[in-house]
Amino acid sequence: MRVLNYLELEDRLARSGIGTSTAHQRAALADTDHVVETSPWRGGSPVAAAGRRLLGDSPFRDYDLAHCNVIGPGSVAVARHARRNGVPLVLHAHVTAEDFAESFRFSSRVTGPLRRYLRWFYSQADLVLVPSEYTRSNIETYPVDAPIRQMTNGVDAGRLAGHEGLREEYRDRYGIDGLSVFTVGSVFERKGLTTFCELARAVDYDFTWFGHVDEGPHASPVVREWTSDPPENVTFTGWVEDVRGSYGAGDVFLLPTKDENQGIVVLEAMACGKAVVLSDIPVFREFYTDGEDCLMCSSFGEYVDALDRLAANPGLRERLGENAEETAAEHSLDRVARELDDAYRSVVETRS
């Protein structure tokens, strides 16, 4: 089957969670008998495709199924083309109104209109893929009028191999000393930025946030405030070219997030055998077990207690890390390949 696996604005989104999930899909599909196209456009770009259209050609390449990972105008065009031409359409619900809030300046103010847009956009699909049952529960309230199937975003453990060997280099680079509490990903308030920094003030460990900090006009004032004047024991590294160094340098992975659709960075930290401390929210309870492969916290005091327990008990860190590795192995790219292949074939069979 010739499959379009489309990530609109790929050059800008490659470093995001959506970009990572799309990369996992493509890596997984490489081991199947599907032929993958990554651009819908003849000539490789919308501009080239528009030129083809002026010459009387279709601007779209030929493919048997379209799978779009974002929600912008290019994806809308692909969806319309698919619907008009009887091409099975899979839309991946990486974007929800819930996880868009508190991500950028004014983002929380547009969640109502965004919810209505997502209801319209996702309802065009023959199948909507969601990273979690939590995401399913959210988009069902919009409501989305299309079949919905859950599948993991997966984790590419091979991409993280060798992280241990980068430990000293990255600790020296960012001045990390002693027990390192860390997180990975773009700096958003939704991901628990304020809690992260306030926890740093309450304890004596080094805190490091490995990830891009937005500085443009769309940047959140909360992000600007914390990153311009952080607590003394907090380092914001900015973009890290080799993410393995982040996981190598850190000891305890902390993500006090307010909302996630799954959280690929959690799976990456687990795949690296790190002790993980998470917010006690439904999406994490769906995949992880408090006290077995992570510690979950629902109050500031619980976070402080969890960090102190892990700092004082290397054996607990080791046990949680070993169990976390087993959990991450359940989300392998082999599983992504199986689930994608089954989803694609079920959609084609339904349409035929």
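Buried area is the accessible area, taken with a 1.4 Å probe, that two parts lose on being put together, summed over both. The structure described here is a predicted model, in which local features need pLDDT of at least 70 and side-chain atom pairs count only at pLDDT 80 or more, while totals for chains, interfaces and linings use all residues. Residues are numbered from 1 along each chain as its sequence is written, and side-chain values use heavy atoms, with hydrogens and water left out.

The domain assignment of the chain gives domain 1 (2–154 + 333–351) and domain 2 (157–330); such bounds come from an automatic or database domain assignment. The C-alpha centres of domain 1 and domain 2 lie 29 Å apart. The contact (heavy atoms within 4.5 Å) takes 25 residues from domain 1 and 25 residues from domain 2. The size of an interface is often given as the accessible area lost when the parts come together. Between domain 1 and domain 2 the buried area is about 2000 Å², and carbon and sulfur atoms give 50% of this area.

Nine residue pairs, with both residues at pLDDT 80 or more, are in polar contact across the interface of domain 1 and domain 2. A polar contact is a pair of N or O atoms within 3.5 Å; within protein, one must be able to donate a hydrogen and the other to accept it, and residues adjacent in sequence count only if both atoms are side-chain atoms. The count of salt bridges between the two domains is zero, a salt bridge being a side-chain nitrogen of Lys or Arg within 4 Å of a carboxyl oxygen of Asp or Glu. On the side of domain 1 that touches domain 2, α2 (17–29), α5 (97–100) and α7 (133–140) each supply at least two residues. Helices (H or I, at least four residues) and strands (E, at least two) are DSSP runs, numbered from the N terminus. Helix α2 gives the most to this side of domain 1, with four residues. The residues of this side divide into five nonpolar, 13 polar and seven charged. In this division Ala, Val, Leu, Ile, Met, Phe, Trp, Tyr, Cys and Pro count as nonpolar, Asp, Glu, Lys and Arg as charged, and the others, Gly among them, as polar.

Side chains of opposite charge can pair when their charged atoms come close. A search of the whole structure finds 20 salt bridges. One of these joins R167 and D251, with the closest N and O atoms 2.9 Å apart. R167 lies in helix α8 (residues 167–173) and D251 in the loop between α11 (243–249) and β10, so the pair ties together parts that are 84 residues apart in sequence. R167 is partly exposed, with a relative accessible area of 23%, whereas D251 counts as buried at 16%. Here buried means under 20% relative accessible area, exposed over 50%, and partly exposed in between (1.4 Å probe, protein chains only).

Within helix α8, R173 and E169 are four residues apart, a separation of about one helical turn. These two residues form a salt bridge whose closest N and O atoms are 2.8 Å apart. Both are partly exposed, R173 at 46% and E169 at 42%. In helix α16 (residues 333–351), E339 and R335 are likewise four residues apart, about one turn of the helix, and their salt bridge has its closest N and O atoms at 2.9 Å. R2, E37 and R61 are linked in a network of salt bridges.

N5 lies in strand β1 (residues 2–6) and counts as buried, at 0% relative accessibility. The side chains of N5 and Q25 are joined by a polar contact of 2.8 Å. Beyond its neighbours within four places in sequence, N5 is in contact with residues including T22, Q25, H67 and Y344.

E260 is placed in the loop between β10 (252–255) and α12 (264–271). At 7% relative accessibility, E260 is also buried. Its side chain makes polar contacts with the side chain of K191 at 3.1 Å and with that of T257 at 2.9 Å. Not counting residues up to four places away in sequence, E260 touches Y134, R190, K191, L255, I281, V283 and F284.

In helix α9 (residues 193–202), the buried residues are L193, T194, F196, C197, L199 and A200. The elements that cover them include β7 (180–184), β8 (206–210), α10 (221–228), β9 (234–238), β10 and α14 (300–312).
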